Amino acid sequence: MLIDMKRYYTFLFVCMGCTVAVNGQYKASITIDASKTGATVSPALHGVFFEEISHGGEGGLYAELIQNRGFEESVLPHGTSLVDGFIVPDKSPHYNLPNNQVSDWKLEWPLKSKWPAWRLLKDDESVALALTDEHPLNKATPHSLQVTINQPSSNALVNEGFWGINTVKGETYNLSFYIRTDKQFHGPVVASLQSDNGTILASHTFTTIANSEWKKYSCSLQPTQTDGKAKFVLSFGSKGTVWLDFVSLFPAKTFMNRKNGLRSDLAQYIASLHPAFVRWPGGCFVEGISVANSPDWQTSIGPVEQRAATYSPWGYWSSNGFGYHEYLEFCEDIRADALYVFNIGVSCEYRSGNYVPDDHVDSVISHVLDGIEYALGPVTSKWGRVRAANGHPKPFPLKYVEVGNEQHGPRYAARYNIFYNAIKSKYPQLKLIASMGIGDVNRHTLDSMKKVDIADEHAYKPAFWAMRNTDHFDKYKRGNWDMYVGEYATNSGVGAGNMTAALTDAVYIMSMERNSDLVTMSSYAPLFVNVNDVDWPVNLINFNASQSFARISYYAIKMFADNRASVNWPMTITVMPPAIKKPLYSGSIGLATWDTQTEYADIQIIQNNKTVYTSDFKNRAGEWQLTRGGWKATDSSLTQTAMGEQRLAWLKDRSFDTYTLKLKARRLSGYNAFIIPFAVKNDSVQLRAHIGSWLNSHCVFESVTNAFDVTGITNQFKLEKPIETGRWYDITIEVGVDQVDCYLDGKLLMTYHEPPKFFAIAGKDAITGDIILKVVNASAEVCTTNITLDNVQTIQPEATLITLQAPDGNAENSLEHPLQYIPVVQKISGISRASDFNFQPYSISIIRMHTL
Ligand code: AHR
């Protein structure tokens, strides 16, 4: 397959000597000892995970351009009812709640129309619409749209597509629809693509349409202009009634020109990562809002108009047009192994949590086995024959199956054991993946399982978490199982996914690579977001109807995947931070609460043994900016009385560098206890010490990057005992140059350090013999680094340097500037066994040194 590499890398064929920085403040040395080897790096380390979330598939990867093509999207999901604007699953016991408790989870039902995404051009009496289930096209699409035309051609039916339809001049779009008519209607029907201002971009007239039974019509449309936000319009040229169903508009050009295929630009992002595997279809999507709504592979194969839809837990319908067959075919097209996640008869525990009882689990298992047979069975088998009839006699590359998503605990483990035996006895070659809940590999779950091939850890972490926890994987007790980090992302404190996220993700990948004896597979999540329907804060690839861009993390992952070493080389790194340090936490101070009523008094700031500020709420309360909350100043104290998040008061027009903050605090009521902001820049940027977080049980340093985006930036520590209500405590915060200590009643409670910012990992590519050195410099300084290669026979003077760099941590790619921050490839020369490099601020660098 030909991949447009230029889209993903900028090449600079400029020969540069190795740079030697004399003035660099930040210095490091790296020594690689080639006589020793570390862990073998798994060839399957980098995969992808696709889920139907944020319209990633429907209105995204799946190239269909008509939204609600089957007129089924106003129908409630099976087993639910509508109560006060919410869909409520039928009441049955939750899998993980004691005593057969029923979850009270409900989901807002956002649809206001009976025919979502469709409308009339004019709001008049000339045409009337109704949804009907009379005389259905087939079982999968029981509803159709009844269109009664009172005044021919004076009005029209419009489909908005998925927040617009992308029409490209000269390209071909294949239209098809089913229609039946009453005796009066005889045509014509005009189908067109139109701009917002009514300009016709393409049109086709079906002259005679008169049939009492369903009949399919099709044509192709070639727009004369490009419009990223066009609409699809049908107008009717005679009086009478027509019934319309399954209206589909598909670009002729799809990824690898597959019929019913994928949107090329989006599929190409995946293909260009050369993923070892594709995990599909979820995520929570697999679990469903209730078992009755979990995805069913069987309804996602065969003719598209006969596929029943699935309601995504993310709040919209998925047509299953991108179904099991298309997924397996896509894996084959991009030479990736398939990793299919199936539902185990248990729905999402954060939603209804309802389940198929243990004595019915056999039917779920046999359904899963049938699905595996569809992918792998010979053409003589029942489902292998169906696969062949669907155009694919050869088995698909299904290599992994995952037993549910994010399930955990002994009850799940018992069910997992049954599935494991049933699947392994029929398909011993398959690798089975055990889910481990929403976070780390869970010992409680693992130890209740009889046999585990691979355990799936999920890791959504805040900015710099990976820098503070480089030993996360080192600490795992190794066992007879491998780890798959099935979902990872730095997704808080990083805006919508900026350079800080990419730097943190890169360090996280380094940890996985270094521990590849344990971590053999990984995939970032979520993969896609349609910017018009964002269900999750940070996503890898963003798009609208006509544009797309990958976040900087995508390019970081691509650099690591393209330059995966076969084996690690142990190395030593010494980092010498800059000699002169600027204070890092300058700013004002504040007082805050979260769902708690608290009284603060006697605030003092001491610098160089001098008190530079003392509170006086009687006479100078006005120097405090009271932002959010019910603040009340008395003679000596300031009390916050309202419930709610992020209640904040801060000292206006002041800024301090290094200092000691002393105060008294008393918890009056509520859930937590004390929040003391420092380095306050305004009401929405601050660091803070939270004492009595997590329902008054822990303490943690947090960062607030906008008023409500709070990230725990250190690990939470358990308090010896909860903060007592009504008792005054002494709090001292020592704000140093790059360290903050927090004391409670004179006792050190917690310390905040700047996370380390310089990381490296080295390995060898067994095929090319290259030494691959990967370096992350997340600091604001150039890092001048001496690189020494011990026990290396030959080293070529020329090397390849790939750099992904941004001016600061907040930098992001965007729809307007999709390729602003992408890797730059340079040839560099002057390499020897001891060379100096300047690693740029906020950069991820890979140096490939050639030994042959
Ligand atoms: O990736 C988004 C969601 O995060 C997934 O659906 C779920 O598995 C996880 O909790």
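## The chain as a whole

Of the 852 residues in this chain, 58% are buried, meaning under 20% relative accessible area with a 1.4 Å probe and protein chains only (over 50% is exposed, in between is partly exposed). Keep in mind that this is a predicted model, where local features need pLDDT of at least 70, side-chain atom pairs count only at pLDDT 80 or more, and totals for chains, interfaces and linings use all residues. Residues are numbered from 1 along each chain as its sequence is written, and side-chain values use heavy atoms, with hydrogens and water left out.

Along the principal axes, the C-alpha atoms fill a box of roughly 95 × 75 × 60 Å. You'll find eleven helices and 54 strands here, all DSSP runs numbered from the N terminus (helices are H or I, at least four residues; strands are E, at least two).

Look at contacts (heavy atoms within 4.5 Å) with a separation of 6 or more: 74% of them are between residues 24 or more positions apart.

## Helix α1

Helix α1 covers residues 264-272, and seven of its nine residues are buried. Those are L266, A267, Q268, Y269, I270, A271 and S272. What do they pack against? Among the partners are β3 (48-49), α3 (324-333) and α10 (552-562). After α1 comes H274, with a positive phi near 45°.

## A three-stranded sheet

Strands β4, β5 and β6 make an open sheet in that order, with antiparallel pairing. β4 (80-83) and β6 (107-108) are its edge strands, each pairing on one side only. In general, strands of a sheet pair through backbone hydrogen bonds, either parallel or antiparallel.

β4 and β5 (residues 86-89) pair over four bridges; two strands count as paired if DSSP finds at least two bridges between them.

## A closer look at V485

V485 sits in strand β25 (residues 482-492). Is V485 buried or exposed? It is buried, with a relative accessible area of 0%.

Beyond its neighbours within four places in sequence, V485 is in contact with several residues, including D456, F473, Y508 and M521. D456 is 29 residues from V485 in sequence, yet their C-alpha atoms are 5.6 Å apart.
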